[in-house]
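Let's take a walk through this structure together, one region at a time. Have the viewer open and follow along.

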Amino acid sequence: MFELLGTTLPSRLLLGTAQYPSPAILADAVKASGTSVVTVSLRREMAGGRAGEKFWSLIRSLGVRILPNTAGCHSVKEAVTTAKMARDVFGTSWIKLEVIGNHDTLQPDVFGLVEAARILCEDGFSVFPYTTDDLVVAERLLEAGCRVLMPWCAPIGSALGPVNMTALRSMRGHFPDVPLIVDAGLGRPSHAATVMELGFDAVLLNTAVARAADPVGMARAFGKAVDAGREAFSSGLLEPREVAVPSTPIFGRAVFS
Amino acid sequence: MKLLVNGEAHEVAATTLAELLAALDYEGDWLATAVNSDLVHKANRAEFRLSDGDRIEVLSPMQGG
């Protein structure tokens, strides 16, 4: 169980809904992962409402909580308006706030992000900011009213996994009481387990599951890895040592010479 | 009246946002609307009066990460 902004969630895995081979595989992957929160977006409706209806009825049938995003927004105005439109449609004040600053890396524009976060927090939103691992930006986001942070561990869709463990460790250490969700860049279940072992509260991923040869199997694997990483963190990991330490007792060993 | 709806030019007789959606055959309570980059709440579409040259966005739920 996981307490997030006053809501109890059964899973520490949040899953994206894009890029699956079919709606049926998306539904099966969501179930196999054990997730209780999925991300969705808003896009131009070009079929009179029918395109959105099919997807929306599928998502509603899964019985999971919705975290709408502002993916693709490059300005504060775009992100704020998209967030408000999402609240109007989805009936939730949760918003995954993305303000993209670079086309190649999809790195967040952290200046616009802080500004948009402040506007939305003042308007009653629970803002989940997609941010970098920069501590000062994190401080600004908290000052703006955010109560959860979502640092990347690598660029969106890159599957590189945690490229800066020092920064992630530092972030966890600086904000011991803030829910931290690693969002973006995870490629393998072991990556998810690694950040969970660092003490991150949850992970959000999409591409690594959706683009796997078997998305349903990969969703299940990520679900297990997240649970394993969390349990390992809670159980107290052994610190690495430079020298060998025998695990079998020395005392009482036979002497044959 | 000339309007831009989701980036496409339309010449319509509709005077309100609700009439425009009906005229263009949009239906469903999962639609989100904005006029000139500002949200227009579902409940306000019937009385929201459009002006020549308005830019309208009609969005609906889609896959997202």
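Predicted model: local features only at pLDDT ≥ 70, side-chain atom pairs only at ≥ 80, totals over all residues.

In total, three salt bridges are counted between chain A and chain B, alongside 20 residue pairs in polar contact, both residues of each pair being at pLDDT 80 or more. On the chain A side, β4 (37-44), α2 (50-61) and α3 (76-90) each supply at least two of the residues that touch chain B. Of the elements in chain A, α3(A) gives the most to this side, with seven residues. Sorted by class, the side of chain A that touches chain B has 10 nonpolar, 10 polar and 10 charged residues.

Now zoom out to the whole interface. The size of an interface is often given as the accessible area lost when the parts come together. Here the area buried between chain A and chain B is about 2500 Å², and carbon and sulfur atoms give 58% of that. Which three residues supply more than any other three of the area that chain A buries against chain B? They are A:R44, A:M85 and A:D88, which supply 25% of it. Counted by contacts, 30 residues of chain A meet 27 residues of chain B.

The two chains also share strand pairing. Five bridges join β4(A) to β5 (residues 55-63) of chain B, and these strands run antiparallel. To find the pairing in the viewer, look for A:S41, whose bridge partner in β5(B) is B:M62.

Is A:T17 buried or exposed? With a relative accessible area of 1%, against a cut-off of under 20%, A:T17 is therefore counted as buried. Its side chain reaches the backbone oxygen of A:T39 at 2.8 Å. Leaving aside residues up to four places away in sequence, A:T17 touches residues of both chains, among them A:L26, A:F55, A:I59 and A:N206, as well as B:Q63 and B:G64.

Next, follow β3(A) to its neighbour. Three bridges join β3(A) to β10(A), and the two run parallel; A:L14 has A:L204 as its bridge partner there. On β10 (residues 202-205) of chain A, A:A202 and A:L204 point one way while A:V203 and A:L205 point the other, and all are buried. Strand β9 (residues 181-183) of chain A is also joined to β10(A) by three bridges, again running parallel, with A:D183 standing opposite A:L204.

Helix α7 (residues 189-197) of chain A has A:P189, A:H191, A:A192, A:A193, A:V195 and A:M196 as its buried residues. Their cover includes α6 (165-174), β9, β10 and α9 (215-235) of chain A. After α7(A) comes A:G199, whose phi is positive, near 105 degrees.

Our last stop is an open sheet of three strands in chain A, with the order β6-β7-β8 and parallel pairing. Because β6 (94-97) and β8 (150-151) stand at the edges with a single partner strand each, one side of each is left without a neighbour in the sheet. β7 (residues 126-131) of chain A pairs with β8(A) over two bridges, and A:T131 has A:P151 as its bridge partner in β8(A).

Technical notes. Residues numbered from 1 in each chain as written. Chains lettered and ligands numbered in written order. Heavy atoms only, no water. Contact = heavy atoms within 4.5 Å. Buried area = accessible area lost by both parts, 1.4 Å probe. Salt bridge = Lys/Arg side-chain N within 4 Å of Asp/Glu carboxyl O. Polar contact = N/O pair within 3.5 Å; in protein donor to acceptor, adjacent residues only side chain to side chain. Helix = DSSP H or I, 4+ residues; strand = E, 2+ residues; numbered from the N terminus. Nonpolar A, V, L, I, M, F, W, Y, C, P; charged D, E, K, R; others polar. Pairing = 2+ DSSP bridges. Buried < 20%, exposed > 50% of the residue type's maximum accessible area, 1.4 Å probe, protein only.
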